[in-house]
Structure formats: C-alpha cells, structure tokens
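Subject: Structure handover

Hi,

Here is the structure for you to look over. Please open it alongside the notes below.

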Amino acid sequence: MGLSAKCPLGGLFFRGLSSTPWISPLQFTPGAKASLNSQFSDRRRPENDLQTTPKLPKTIKYLSHSDVVHLITEELDLQKSLDIFNNAAKQQGFYHNFTTYNVLINKLGRAKKFHAVESVLKQMSILGCRCHESLFTNLMKLYCRAGMPEKSKEIFYRMRLFNCKPSLRDLSTLLNLFVEAGRLDLAEEVFADLRNLRLVPNACIFNIFIKFHCKARNFEKGFEILEKMDRVQCAPNVISYSTLMDGLCRVGKLKEAVGVFEEMLTKGIVPDALAYNVLINGFCDAGNVNGAMKIFDVMKENRCKPNNVNFSSIMNGLCKEGRAHEASELLGEMLATGCRPDAVTYTTLINCFCKEGRTEEARRMIVEMKAAGCVPDIITYNILIGGLCRECKFEEVFGVLDEMSRSGCVPNRASYRILLNFLCKEGEFKKALAILDQMLKRGYIPHFETSNALLVGLTKAGKMPDATKTLYGLADRGFAPAEGTWNCLITSVCKERKLSKAIERFQRILEGED
C-alpha cells in the first residue's frame, strides 16, 4: 500500500487512544495511555522513562510501515506495542499491511496472548489483507508449542480463508509438529483429507510418518509406509531409509538396520554421508567400534567423502574404548582430507589422553588445536586440569590457570573446585588455602565435602590457626561444617586449652550471629 502522502501526525496521532474491541484481551490502562502519549508528544523531556520504548527520530512526521514494524519489534511491553499499532492506523492514508499485522501477531503469539491473536486475524479477514504462508506456519508452531496442537490444525485449514493455499511445505511443518507432540491421530486425520486439500504427498510427507513410527518404536508400521510409498509410485529416498535405520540402531537392532541399508543399495539408492553415519553411530553406541570402522572403510571405497561428523563419530567411539593413539591417527587423516575438527572433536581426544595419563600429549593437542584456529573452551581446559591433578602436577595446573586468563578463557567455579579437591586429597594444604582465597574472592564456594576435608586436614596437620581462619571465611558465606568436622575442631581446640572462647565463637557461627 503506497504512502505517498506526507501528513504530519498532529492531533490525529496523539488524540488519546481509540477503543479497539478486536484486541480486547489486552486492556488499555491509564498508565499505558499516559506513557504512550508522553513517548510521542513530549520526547524532549529528559525525565521521560523511555528505557523499554524505542525512540522515534525527532524529525519524524509520519510513521511508515517499516517504522511500525521496527517499533513493535523493539518494544518490550505488549500494551505499548498495541498502542503503536493502533495509533499508526489513525494517520491519514495509512493502512496496515501484511508486514505490520505479521509482526504484531508473532509478538502476541510468543506471549501466548492467543485471544488477541484471534482478534487480529479476524480484523485482517474483514479488511481482506493479503497474507503470506509464513504467518500461518509461525502460528502453527506457536500454538503447538503452547500445548494446543488442535489449534495448529485449525490454523492450517483457515489458510484458505485468507486466499492462501496450503502447500506441501506447510503440511510438512504441521505434521512434524504433530510428531513432536506425539499426536499421530491428528497427523492421520490431515493425511486422510489430502484429496480435499488438493495436495499430493511426496517422499518428505511419508518420511515424517516413518519418523513418527520409529520414535514410537513401531517399526512394522515404518516398513508398511515404505511399501505404501512404492504402491502409490512415490519412491522412497535416502532419507526414508536413513530414518528407519536410525530408529532401529537406537534400540540396538543393528542386524535389521544393516538389512535396510542393503535393501536401499539393491534399489539403486546411493547412500550419503548421513546414511553411513547412522550405521557408524549405531555400531559405536553398541560398543562395536571395529564394526563402525568397517562401515567407514566401505564408505570410502564407495567414493562417499567422509565429513566432520563421520570422523568425529569414529574418533568418539575409539576414545570411549581408550584407543587414543588410533583416534589421533584418524585426526591426522581428517586434517589431510580438508575437514576441520571442531572444539568438541579436539576435547574428546584430549579427554582420552588425560584418562590414559598422557597429559603431555593432551597439552600438545591443545597447542595443535590453537594452531588450527580452534579455540579451546572452558570444558577443554577443565578436562586438562583434571588430568594434570590426577598425576599431581599441581604446578602445571597453576600454569594452565594463568594461560586461561591470558587467553580470555577465565577459570570458572569448576576449574577451582577440581584443583581444590585434589589438593585436599593429597594434603597440599598451603596450595589449597591459596586456591580457596582466590575462589572466595571470585564468589565461588567449594563443595561441601571439600570444605570439610580441608578443615579436618588442616586440624589434623596441627594448623589450627589456618583452620579457624578458613572456617570463619566459609561461615561468612553460609557454610556450616558437618558434625564430624565440628568434633575434630573442638577436640583440637580442647587440646590447646582454648575451650571457652572456641565454643563461644563456634556457637555464634551456628546461630548465624558471627
């Protein structure tokens, strides 16, 4: 709709708020009115609260459709969004179009204001606004995610009322939503009505039903869908077979999955990297990595180039079996083929090295990781910290903490807790106190068991002043020692003949007064 006329808003735009019965679920309040009026008519006042309301340029005299879309998108308050929408329509020559209706409906839908959504749809229907299918697919998703799949179905059928013919893509969206909601009944109702909808199902539509039956572990029904596709001359594709294979692999039916794979080959369907990976994952999950590697070899023999997912799946399977050396060799092959491993792939291998006590190789892997342009994240570093701690290489751990800070990956609560746990376990109390001090300064609290172990360890080591100071520091942050820890502390104090003062102080800690 053209907006060639440039008309100042004047009193027309700011003449209060008109009643809009078609958006009745959200009521206009005096506060909202005053806020909106001040937003548009008195922008120069510094005292106006505009934190949640997008500002308009001072020179603006007319709101275009793009202005309305932007303002509603940026506005956090639903009522104010409606105010913007309604007041824009008061401008001379302005008529809402699909873009402005669409942004408002989506905002209302995300807020689950479905009564208001229905009112706006009714208004659109009355005015004969031309719509795009995206409006309805978004609404179907919003209704279904709100637990109203029946309304999603209703929206699908109402598309024709807006001169918007449902497409196979819309049907696919609806059926997938029904699968996610576990509503096969609704999916079958719509499927049975395809002739009236003048839609001819393609492989994608049938694949959705295969996915549903596999999810329900009803594989017989899945095979029936494949047979039905042949009967109606809709040839199954690689996704049809991969979906069925994946369902079988997930329940450990590898023999049946391989049978489906072979049937696919006999029908002349060339498996892609995803189809091979279904079997690779299936064998790895069943603990048969050698079988997975055979599938991997067949894949390469059939000139299907492995991708990152294929390599990562095999490497993950090898690492689960503690075969870090083979996984490392596979990483070299992966790099040679031009595939770039991600942080998860590197971290999986680093974790395997650490579990095998090969922390030097784990550290070299981090260097390689950085050289390849892949940045280690907090999970990668924490795995390395755990590996070094198991080998009591605490000085190296301190170096890793410094390296993390320099690289912008700040140690988190888990980083400190891992180190503190091992320091206490090994009796390295001086280092443990230094780490505890850093933790408390950052607002991190140790595990309950670790705190007790540290206090008991300090006490038994004859470091009662350190134990007392540590207790006070932890108590200030809400920590109360276990009964055994109290007994150990009090016994030690008694031996030093400081019983009365200790009991008095400990009592204040227990009562939360200290």
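This is a predicted model: local features need pLDDT of at least 70, side-chain atom pairs count only at pLDDT 80 or more; totals for chains, interfaces and linings use all residues.

Residues are numbered from 1 along each chain as its sequence is written, and side-chain values use heavy atoms, with hydrogens and water left out.

**Helix α14**

Helices are DSSP runs (H or I, at least four residues), numbered from the N terminus. Helix α14 covers residues 238–250. Its 13 residues should span 18 Å at 1.5 Å a residue, and its end C-alpha atoms are 18 Å apart, which agrees. The expected span is 1.5 Å times one less than the number of residues.

Of the 13 residues of α14, 10 are buried, so the helix is largely enclosed by the rest of the structure. Buried means under 20% relative accessible area, using a 1.4 Å probe and protein chains only. Among the buried residues are Tyr241, Leu244, Met245 and Leu248. The cover over them includes α12 (203–215), α13 (219–231), α15 (254–266) and α16 (273–285).

Now the ends. At the start of α14, a side-chain oxygen of asparagine 237 comes within 3.1 Å of the backbone nitrogen of isoleucine 239. Glycine 252 follows α14, and its phi is positive, near 80°.

**Asparagine 207**

Asparagine 207 sits in helix α12. It counts as buried, at 7% relative accessibility. Leaving out residues up to four places away in sequence, asparagine 207 touches Met229, Asn237, Ile239 and Ser240. Contact here means heavy atoms within 4.5 Å.

**Glycine 291**

Glycine 291 belongs to helix α17 (residues 289–301). It is buried too, with a relative accessible area of 12%. Glycine 291 and isoleucine 280 are 11 residues apart in sequence, and 7.9 Å apart in space, C-alpha to C-alpha.

**The second largest pocket**

A pocket is an open set of points on a 1 Å grid over the protein atoms alone, where a 1.4 Å probe fits, with protein on both sides within 12 Å along at least five of seven lines; lining residues have an atom within 4 Å of a point. The second largest pocket holds about 230 Å³ of space. Its lining residues are Leu433, Leu436, Asp437, Leu440, Asp466, Lys469, Thr470, Gly473 and Arg477. The lining divides into 3 nonpolar, 2 polar and 4 charged residues, with Gly counted as polar.

Best wishes

Note on methods: Helices (H or I, at least four residues) and strands (E, at least two) are DSSP runs, numbered from the N terminus. Buried means under 20% relative accessible area, exposed over 50%, partly exposed in between (1.4 Å probe, protein chains only). Grid points are joined across faces, edges and corners, and a volume is the space filled by probe spheres set on the points. A polar contact is a pair of N or O atoms within 3.5 Å; within protein, one must be able to donate a hydrogen and the other to accept it, and residues adjacent in sequence count only if both atoms are side-chain atoms.
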